[in-house]
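Colleague: I would like to learn how to read a sheet and its aromatic contacts from a set of coordinates. Can we go through one case together?

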Amino acid sequence: MYTVKDIAYILKELVIKTQNLNDEIINDFEYQYRFVTHMNTAFISISKGTWKKWLGKEPKILSGNEQLKQNNHRSSLVITDELINDLNPSTPQIIVDDSIEAMQVLGTYFRAQFHNPIIAVTGSMGKSSTKRMISKALSNYQILQNRGNANTRVPILLNLCKLIKNPNFAVFEMSINAINNKGNLSLIVKPHYTIVTGIGEAHLSTIKNTEEVAKFKSRIFAGQSDNDTAIINGDTKHVNLLENEARKCVNHIITYSRYDHNKVKITDNKGSTTISIHVNTEDVEFTIPTVSDGMVSNAIATVHLLQLLDVDLKSCLNHLSQFKPFKKVLEIKKVITPRLKTTLLDDTHNASLPAMLNAIEAFNKQSQFYTGNKIIVLGKISDLGDESEKIHLQLVGKLEQSNADYILCIDSEMRKVVNRVKNKSITWYSDPELLLYDLLYLVNEDGLTLLKSSVTGTKLPKIATKLFEYLQNENIQIKEKQYFHYFPIEKTYAYLSQDGKIENNVDLNTPIAIEGITPLIYYIYSQKKKLVNRKIYLKKWPTNNETYFTGKEIELTDLIKAMINKAHPSLIYQLGYELFANEMERRNYISIFVEEHRLSLSSSVNVTGRFRLKERQTFTIDDLVKIYIMYNDILFENTNAVIFGDKYYHGMIKGVRKNLLIFAMYESTETLISELL
């Protein structure tokens with residue numbers, strides 16, 4: 001047992017001043033006040049300046065003193081690097097120069113007093129799940145583990161301080177941040193057992209390749225001694241490097257593999273996986289309620305660890321049947337309502353390339369158990385730096401071989417992936433809300449939908465949450481409209497009066513089209529630039545034909561006028577080429593135009609605005625109204641009709657029933673007029 005005075009003594013070399021020290025018992029530490037739940041906790045108050053010194057940037061977390069001001073005080077000790085004058089006079093304070101350094105001193109001290117097994121887990125993927133599996137298996141014991149997936153330097157120091165509780169086992173999940181060149185905390189943690197779950201394409205914005213990632217991860221072995229054990233995933237990249245580095249520190253290395261068919265048998269079930277494994281002299285079998293190959297590997301690592309500990313192996317493995325990974329880690333979400341029964345695999349907690357491939361493989365294995373639509377929805381893998389395009393393109397083959405009926409993707413990093421995939425119904429979205437809109441058509445009875453992305457830099461995690469919430473609504477109407485890959489799409493029209501009011505009952509903001517407004521944007525831009533007429537010779541475009549052939553001569557003014565007279569795609573290609581110096585300039589202009597005019601994000605996606613299965617475009621009646629109100633003088637300077645579109649007719653006609661007629665998705669203007677007049 002340690003008292004306030006004992007803590008002050010341990011910190012004596014760092015102490016600047018003490019105030020009101022007493023003999024109250026201290027048995028826990030926190031630096032986020034919301035986690036202080038009892039009086040015997042020492043609150044470590046970290047100033048903004050100290051956070052910045054350790055992080056190298058401004059912290060997002062409030063300073064400790066600010067946290068104290070916002071909460072009712074309930075700790076027996078405050079360790080702070082800024083004296084708190086208005087704190088309860090009876091509360092002891094230990095003032096130090098650097099509160100995080102004080103954590104390191106305390107953590108080092110309590111580690112030296114701790115003699116029970118310590119396990120440290122690292123890897124590019126699977127470390128959080130493996131930590132949770134270990135802790136679940138050891139449910140009958142007092143376990144210390146990271147809170148959530150807080151696995152960086154300062155949370156590790158906090159966990160070291162928490163060894164004051166003297167748990168039966170301590171499990172430390174350690175990221176590269178905790179074992180990098182700024183100071184390898186494995187040297188302080190001194191784990192008896194280490195697990196490396198795998199090496200993959202992560203951190204490549206700051207680390208040049210996966211071999212360097214493996215070298216950093218192998219630093220976890222440095223805190224071990226000869227009699228300790230390293231457990232390494234034999235199926236991962238750079239396993240030889242990891243083994244060689246481990247051999248420098250420990251005498252005992254276990255390399256495990258889910259493909260070791262002499263020792264491991266895996267049975268895929270609907271919503272779970274059964275694992276039979278031979279360890280030492282016994283055979284054990286258990287079932288985990290997850291469907292991921294990665295989770296199977298994590299479970300095998302857990303078994304190898306457990307058989308080294310002084311525990312009942314079979315009893316511990318029974319607990320794994322209740323194991324739950326973090327939310328959004330291949331989380332099986334069942335939708336069961338009177339109108340719909342379907343299943344989502346939400347894996348938007350985080351992503352690396354191996355994790356992405358693992359999720360697709362899990363989807364493939366589970367797809368055999370479902371009769372409805374099989375859908376894969378992907379967002380980007382973050383933190384890949386200059387390697388991003390190369391790594392994302394490695395998804396192409398896996399997607400082509402997948403069991404998905406439909407593949408939907410968002411984020412610019414996925415656009416080239418979509419364009420490379422062959423023989424699949426695959427579509428890229430610039431607008432995640434439109435993706436959600438289409439998903440609500442696609443998800444059907446007894447279907448399976450995988451949603452996979454990183455957690456940062458993409459909107460897919462929020463879309464995954466919204467999708468589940470919408471589908472759980474018992475009153476949801478399963479839409480009868482066809483998904484946009486099929487035809488026909490619903491025709492829509494509206495009458496706009498001279499004072500700008502819609503005369504008929506129509507939903508202005510519903511996505512109605514499968515094409516874009518690009519020709520209108522080009523026309524408006526051309527007219528504003530007042531280009532000098534000249535002869536143009538049509539270049540070689542993928543849409544050229546007998547009428548619009550390579551080398552065809554056309555006047556620039558005629559090319560521009562064609563944009564509001566249902567221009568052929570080759571003419572739209574050509575005008576885009578004439579207007580912009582390069583593709584980046586063109587996309588920047590389109591993006592700014594759409595943003596400034598508050599148009600739908602998907603109203604202009606590709607060069608021509610034409611329908612393409614692989615690039616989802618759409619616009620609303622409201623988009624056309626906005627363009628008319630802003631540019632009617634330009635659009636109708638020499639005409640009463642503005643028509644655009646490739647597969648379908650869209651546009652505006654003046655003077656119909658003394659109003660402006662705005663319409664979209666008609667097979668012809670003749671059909672339009674005959675239906676309305």
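**Rings, charges and a sheet**

Modeller: In this predicted model, R132 lies over the face of F326, 4.2 Å from the ring centre. K12 is placed likewise over the face of Y9, at 4.3 Å from the ring centre.

Colleague: How many aromatic pairs does the structure hold?

Modeller: There are 20 aromatic pairs. One of them joins Y33 and F43 edge-to-face, with 4.9 Å centre to centre and 80 degrees between the planes. Y33 sits in the loop between strand 4 and strand 5, F43 in strand 5, ten residues apart. Both Y33 and F43 are buried. The pair Y589 and F593 is tilted, at 6.3 Å centre to centre and 40 degrees between the planes.

Colleague: Why are Y589 and F593 separated by about one helical turn?

Modeller: Because they are four residues apart in helix 22. F593 counts as buried because its relative accessible area is 3%, under the 20% limit. Ring pairs also link Y589 and F593 with Y522, Y525, F580 and Y631 into a cluster.

Colleague: Now the sheet. How do strands pair in general?

Modeller: Strands of a sheet pair through backbone hydrogen bonds, parallel or antiparallel. Here four strands form an open antiparallel sheet in the order 23-28-27-26. Strands 23 and 26 stand at the edges with a single partner strand each, so one side of each has no neighbour in the sheet.

Colleague: Which residue stands opposite V642?

Modeller: M652 in strand 27. Four bridges join strand 26 to strand 27. Helix 23 lies across strands 23, 26, 27 and 28, at about 60 degrees to strand 27.

Definitions and conventions: Residues are numbered from 1 along each chain as its sequence is written. This is a predicted model: local features need pLDDT of at least 70, side-chain atom pairs count only at pLDDT 80 or more; totals for chains, interfaces and linings use all residues. Side-chain values use heavy atoms; hydrogens and water are left out. Two strands pair if DSSP finds at least two bridges between them. Helices (H or I, at least four residues) and strands (E, at least two) are DSSP runs, numbered from the N terminus. Contact means heavy atoms within 4.5 Å. Axes are lines fitted to C-alpha atoms, for helices over the stretch in contact, and angles run from 0 to 180 degrees between N-to-C directions. Rings of Phe, Tyr and Trp (its six-membered ring) pair if their centres lie within 6.5 Å; planes under 30 degrees apart count as stacked, over 60 as edge-to-face and the rest as tilted. Buried means under 20% relative accessible area, exposed over 50%, partly exposed in between (1.4 Å probe, protein chains only). A charge sits over a ring if NZ of Lys or CZ of Arg is within 6 Å of the ring centre and within 35 degrees of the ring normal.
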